[in-house]
Amino acid sequence: MSTDDVADTRDLPARMMDILIDGSERLLKLQAETVSSALSGSFGRVDAPTSAGAALSTLWQLPALYGALFEEMADNARRSFHIVSDMQNELVDLACASLAHSAPAVAEAMSTGNALFADRRHRSVVINFPERRHLRAWRVS
């Protein structure tokens, strides 16, 4: 394992946090833009209906009045899913690269541990205690 690989594994938590922070900032910015756009007042207003016929009429007006808003909200939802997906892809790539770099060290640690366990098992000695099953702490009459 080279010193670059060691530096990469030490930097791993910081790099993962950078990915999460950058993605969270992009999501927050997108959410702020979405709310600002929705509250901007640039879209038509619908008066409160006074009858059932007016209510049905209002429903038919919504796409014409708020179509641009609906499209923008759908686009922002799509963009937010892409941001989260990009974050996940970057984290998976980073984790897999780290795992590939650390594989030789893990294999070495496992073989060393197995050798120590086998040596301990080979050197173990059974301690011979005298038979004490016939002794009782108290007598039952």
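Visitor: Which side chain meets that of arginine 78 in a salt bridge?

Guide: In this predicted model, local features need pLDDT of at least 70 and side-chain atom pairs count only at pLDDT 80 or more, while totals for chains, interfaces and linings use all residues. Residues are numbered from 1 along each chain as its sequence is written, and side-chain values use heavy atoms, with hydrogens and water left out. A salt bridge here requires a side-chain nitrogen of Lys or Arg within 4 Å of a carboxyl oxygen of Asp or Glu. At 2.4 Å from N to O, the partner of arginine 78 is aspartate 75.

Visitor: Is arginine 78 buried, partly exposed or exposed?

Guide: Buried means under 20% relative accessible area and exposed over 50%, with partly exposed in between (1.4 Å probe, protein chains only). Arginine 78 has a relative accessibility of 43%, so the residue counts as partly exposed.

Visitor: Which residue forms a salt bridge with glutamate 33?

Guide: The closest N and O atoms of this pair are 3.8 Å apart, and the partner of glutamate 33 is arginine 79. The pair links distant parts of the chain, 46 residues apart, with glutamate 33 in helix H1 (residues 3–38) and arginine 79 in helix H2 (residues 52–123); helices are DSSP runs (H or I, at least four residues), numbered from the N terminus. Glutamate 33 is partly exposed at 35% relative accessibility, and arginine 79 is also partly exposed, its relative accessible area being 34%. The residue asked for is therefore arginine 79.

Conventions. Helices (H or I, at least four residues) and strands (E, at least two) are DSSP runs, numbered from the N terminus.
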